[in-house]
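Subject: Structure for you, with notes on its sheets

Hello,

Here is the structure I promised to pass on. My notes follow below it.

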Amino acid sequence: QTGELNQLVGQSSQLEKDKLDQKKEMLYIDTARHLMQDTGIKTKIIKQLKHESPLVSCRFDPTGKYVFFGAQDNRIWRWDPTTDGKTDFVGHDSWIRSIVFSNDGMILITGGYDGRLIWWEANAAEPKPIRIVDAHKGWIRAAAVSPDGQLVATVGDDLFLRLWNLS
């Protein structure tokens, strides 16, 4: 009987803890709701761009001037939201999933489902690939630049994580 009593006490304290957790959660939700109402914070669309094919990736350049995006047309696009100007970067044979930049924003590196990494001059009027590497067998899933700006890390469907020199 002592075991049953301990079990009941344990269940009772767990129920009380669950009720307390639910009350805390409701308090957090109510507080957030009041903060949003009191401060008038609302999320809204400031500007948008409609493209001709579905979009699969996007990223601001380090300067914040441009938004780069990849689409199912196998291109990277540079969009200037202030002028609505669009420039295409042609070089991949597939969708572009990864978009990264050198720390100064001058070099753009893209990774596609074609397994290739392509280096570009980010601000070129007529962009052309300046370096192409067959990086992975299959899709490049993601890429990242090291904090010191010296390396690019990539991961792919071939189960490898690889490091590349950025320059």
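**The E1 to E4 sheet**

Four strands make an open sheet in the order E1-E2-E3-E4, and their pairing is antiparallel. At its edges lie strand E1 (55-60) and strand E4 (85-90), each of which pairs on one side only. On average, neighbouring strands of this sheet are turned by 25 degrees against each other, direction ignored.

Some terms. Strands (E, at least two residues) are DSSP runs, numbered from the N terminus. Two strands count as paired if DSSP finds at least two bridges between them. Axes are lines fitted to C-alpha atoms, and angles run from 0 to 180 degrees between N-to-C directions.

Which strand pairs with E4 over six bridges? Strand E3 (residues 75-80) does, in the antiparallel sense. Within that pairing, Arg75 has Val90 in E4 as its bridge partner.

**The E5 to E8 sheet**

Another open sheet has four strands in the order E5-E6-E7-E8, with antiparallel pairing. Strand E5 (96-101) and strand E8 (131-134) are the edge strands; each pairs on one side only. The twist averages 20 degrees from one strand to the next.

Inside this sheet, strand E6 (residues 107-112) and strand E7 (residues 116-121) run antiparallel and are joined by five bridges. Gly111 stands opposite Leu117 in E7.

**Before you use it**

This is a predicted model: local features need pLDDT of at least 70, side-chain atom pairs count only at pLDDT 80 or more, and totals for chains, interfaces and linings use all residues. Residues are numbered from 1 along each chain as its sequence is written, and side-chain values use heavy atoms, with hydrogens and water left out.

Best wishes
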